[in-house]
Amino acid sequence: MSIRNIKSNFLFINKLQCFKYSTSPKSVATVTLNEKNFIADEYTNLTPKIISYLNRNLHLQPNNPLCLVRQRIVKYFYSSFTHGGNPTFSVYENLSPIVTTKQNFDDLLIPEDHPSRAKSDCYYINRNNLLRGHMTAHQSELLRAGLDNFLMIGDVYRRDEIDSSHFPVFHQVDAVRSQLKEQLFENHRGLNIFEPDFDPMHPSDYKNSIDDPTKQSCHTLEAAKLMETQLKNHLIGLVQALFGEDIKHRWVDAYFPFTHPSWELEIFYDNNWMEVLGCGIVRNEILANAGPNNTIAYAFGLGLERLTMALYKIPDIRLMWSTDSGFLSQFHDKGIDEKITYKPVSVYPQCVNDLSFWLPPSLTIDTFMCNDFYDLVRDVGGDIIEQVKLKDKFIHPKNKKHSLCFSIVYRHLERTLTQAEVNEVHKEIEKAAVNSFGVVIR
Ligand code: FA5
Ligand code: MG
């Protein structure tokens with residue numbers, strides 16, 4: 001993977017790193033991803049940092065917690081749905097994250113002016129290609145290939161807020177479950193999927209309205225309601241299989257251009273409601289355009305990171321990308337149903353700086369209040385102070401001056417501190433000690 005010919009002046013625009021690429025017609029900027037060349041254009045906004053996440057495939061790495069949860073989800077669908085002893089669902093977990101705007105948006109009826117297409121929300125390779133923003137990007141191609149029940153699992157890329165539950169690259173499990181009339185109404189043979197005036201052979205004659213909040217106008221109320229019940233039961237079954245029967249959950253009405261009606265499922269975790277998935281009844285136009293015109297389907301897309309974090313009590317989404325053995329070993333060689341609770345390891349290095357000073361004549365090594373000094377260090381240094389240790393006491397043999405030496409351990413919980421920034425904070429602490437205690441720095 002490389003980026004070639006891009007006049008690589010990196011600019012910081014809105015705090016995001018963007019490419020400045022050549023616009024001269026002679027030197028065409030190209031982006032090479034997985035050995036494929038793309039011509040850069042005014043849409044290109046991939047950064048080297050984002051490209052470095054391609055092909056990491058955390059969901060397939062045996063010692064990554066995402067891999068364990070992926071396997072549990074697949075197991076749930078394999079074991080819950082079988083026909084003639086075979087799993088009903090097929091699983092796709094190696095689909096390339098490089099997709100076209102047709103796959104990511106057009107095939108899914110996402111309008112031209114929909115905010116999810118914005119350059120500010122996606123990592124575009126160029127005007128026509130991007131790193132997929134959701135696994136639903138593969139839905140139409142798999143339907144077109146004739147599949148009816150399938151899971152699509154992989155990495156997705158979004159320019160999104162960054163906090164403990166958002167990261168620009170994350171993993172989704174997406175699914176489609178289709179039913180023929182005979183399957184859906186196995187026990188009620190008289191019922192139909194489609195309204196009598198809807199001709200599935202000519203779906204384009206019919207305006208597939210989504211005005212009615214309960215169903216698409218082509219579907220009968222019975223079909224829509226039965227699919228909704230199945231969808232919700234299957235997904236509740238999944239979160240119960242993961243978290244146990246007692247998991248607190250709630251359904252929230254939602255909107256997606258590709259499903260109607262649509263919902264989001266939230267679970268109660270860490271004293272907050274956390275959204276874990278979006279779902280709904282697949283818009284009939286999508287099914288009809290891709291092939292099957294006699295089925296009704298539900299679809300969902302869930303975020304693997306959020307479930308994994310809740311399941312193993314991993315406090316920060318960034319830890320998923322850790323290559324630290326202290327992190328990975330906690331998930332290595334584990335059975336997929338084993339109960340694991342993450343034990344924090346700070347993967348960021350410590351910086352240790354010493355501070356020695358002469359005490360003023362009014363104080364001795366025995367009367368100096370170390371706790372006052374510790375408070376001062378915390379006040380000035382804030383959360384990056386991990387520890388302050390008294391290292392040495394010293395009395396000068398000739399002038400009898402008293403001196404103390406402290407080791408201050410600095411560590412940021414979320415990033416590597418540079419020595420330069422630690423030195424700056426350290427200087428501030430020295431100054432404050434001089435001002436507050438009248439000490440003289442050695
Ligand atoms: C979608 O991506 C839809 N494609 C889901 C869908 C599929 C709906 C099929 C209907 C039918 P959404 O943007 O809400 O929806 O993302 C789905 C899930 O991905 C969220 O519920 C959340 O668990 C997870 N997610 C979204 N953004 C992030 C992020 N930045 N970091 C981590 N997880 C995220
Ligand atoms: Mg959502």
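Visitor: How much space lies in the largest pocket?
Guide: About 940 Å³. Keep in mind that this is a predicted model.

Visitor: Which residues are closest to its centre?
Guide: The lining has 41 residues, and G133, H134, R158, Q172 and F256 are the closest to the centre of the pocket.

Visitor: What's the lining like by class?
Guide: It has 18 nonpolar residues, 14 polar and 9 charged.

Visitor: Which element gives the most to that lining?
Guide: Strand 16, with 6 residues. Elements that each supply at least two residues include strand 13 (169–180), strand 14 (249–256), strand 17 (295–303) and helix 8 (304–312). Strand 15 is also among them.

Visitor: Switching to the metal. What coordinates the magnesium ion, ligand 2?
Guide: E264 and E275, both through OE, at 2.3 to 2.6 Å. E264 lies in strand 15 (residues 259–269) and E275 in strand 16 (residues 272–282), so the pair ties together parts that are 11 residues apart in sequence.

Visitor: Is E264 buried or exposed?
Guide: E264 is buried, since its relative accessible area is 18% and the cut-off for buried is under 20%.

Visitor: And what about E275?
Guide: E275 is partly exposed, at 33% relative accessible area.

Visitor: Back out to the whole protein. Which domains does the assignment give?
Guide: Domain 1 is made of 58–97 + 132–312, and domain 2 covers 347–442.

Visitor: How far apart do their C-alpha centres lie?
Guide: The centres of domain 1 and domain 2 are 56 Å apart.

Key. Residues numbered from 1 in each chain as written. Chains lettered and ligands numbered in written order. Predicted model: local features only at pLDDT ≥ 70, side-chain atom pairs only at ≥ 80, totals over all residues. Heavy atoms only, no water. Donors = N, O, S within 2.8 Å, 3.2 Å for Na, K, Ca; no water. Helix = DSSP H or I, 4+ residues; strand = E, 2+ residues; numbered from the N terminus. Buried < 20%, exposed > 50% of the residue type's maximum accessible area, 1.4 Å probe, protein only. Domains from an automatic or database assignment. 1 Å grid on protein atoms, 1.4 Å probe; cavity = no way out; pocket = protein on both sides within 12 Å on 5 of 7 lines; lining within 4 Å. Points joined across faces, edges and corners; volume = space filled by probe spheres on them. Nonpolar A, V, L, I, M, F, W, Y, C, P; charged D, E, K, R; others polar.
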